[in-house]
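Please find below a short note on the model under review.

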Amino acid sequence: MTSQWQPFREPLPVTLLRTGTIAIVVGAVLAQFWGGLARWPMATLLVLWPSLGGHWVELWFLNWLRPRLSAARRVQVAARVGVWFVGGIGLAIGMGLTAMAIGGFRLARWAAWWLGGLAFIGIELVAHLILQLRGRPSFYDGRG
């Protein structure tokens, strides 16, 4: 079976600059709600989980799973949303464990693990909306 999908490639420095910038900016915003500037480094570290970690979840889907699936749009959409959900759960657990290891945060409810999956789906939908608005391949047009 030959695949119509081309592997996604991006230089590592570009990935680190984009995801690091997202983490710094979102970390600064969250720090304002979490106790001020002193919380900025911790907030930035935690946001690296969905920004940088999320990049690797998406890369795994694009370069490993997607070429192995049927090209049917419904199959691709279901698989991608499923990967986002499971990946989001893993990233949320990583964030929670990092927060506990650093100190200063305690997970209120492990029973809400699935919220990480839903949140990551939302993050990815917004990220792909931005790509779509910029005319780049995205989840919405089936090219990205």
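1. Basis. This is a predicted model, in which local features need pLDDT of at least 70 and side-chain atom pairs count only at pLDDT 80 or more, while totals for chains, interfaces and linings use all residues. Residues are numbered from 1 along each chain as its sequence is written, and side-chain values use heavy atoms, with hydrogens and water left out.

2. Overall fold. The protein contains four helices and zero strands, taken as DSSP runs (H or I, at least four residues, for helices; E, at least two, for strands) numbered from the N terminus. In sequence order the pattern is α-α-α-α. The C-alpha trace spans about 50 × 35 × 25 Å along its principal axes.

3. Helices α1 and α2. The axes of this pair come within 7 Å and cross at roughly 140°; axes are lines fitted to C-alpha atoms over the stretch in contact, and angles run from 0 to 180 degrees between N-to-C directions. That angle makes α1 oblique to α2 (under 35 degrees counts as roughly parallel, over 145 as roughly antiparallel, 65 to 115 as roughly perpendicular, and the rest as oblique). The contact of α1 with α2 comprises 15 nonpolar, seven polar and one charged residue, where Ala, Val, Leu, Ile, Met, Phe, Trp, Tyr, Cys and Pro count as nonpolar, Asp, Glu, Lys and Arg as charged, and the others, Gly among them, as polar.

4. Helices α2 and α3. For α2 (residues 40-65) and α3 (residues 73-102), the axes come within 9 Å and cross at roughly 150°. The two helices are therefore roughly antiparallel to each other. Their contact has 17 nonpolar, six polar and two charged residues.

5. Helices α3 and α4. Helix α4 (residues 114-133) packs with α3 at an angle of about 120°, the axes being 7 Å apart. That makes α3 oblique to α4.

6. Surface patch. Ile24, Val25, Val29, Phe33, Trp34, Leu37 and Trp40 form a nonpolar patch on the surface, together exposing about 710 Å² of accessible area (Shrake-Rupley method, 1.4 Å probe, with only the protein chains shown counting as cover for residues). Patch residues have over 30% relative accessible area and no salt bridge, and nonpolar side chains (Val, Leu, Ile, Met, Phe, Trp, Tyr) are joined within 5 Å, like charges within 9 Å; a salt bridge is a side-chain nitrogen of Lys or Arg within 4 Å of a carboxyl oxygen of Asp or Glu. Helix α1 (residues 12-33) gives the most to this patch, with four residues, whereas Leu37 lies in the loop between α1 and α2.
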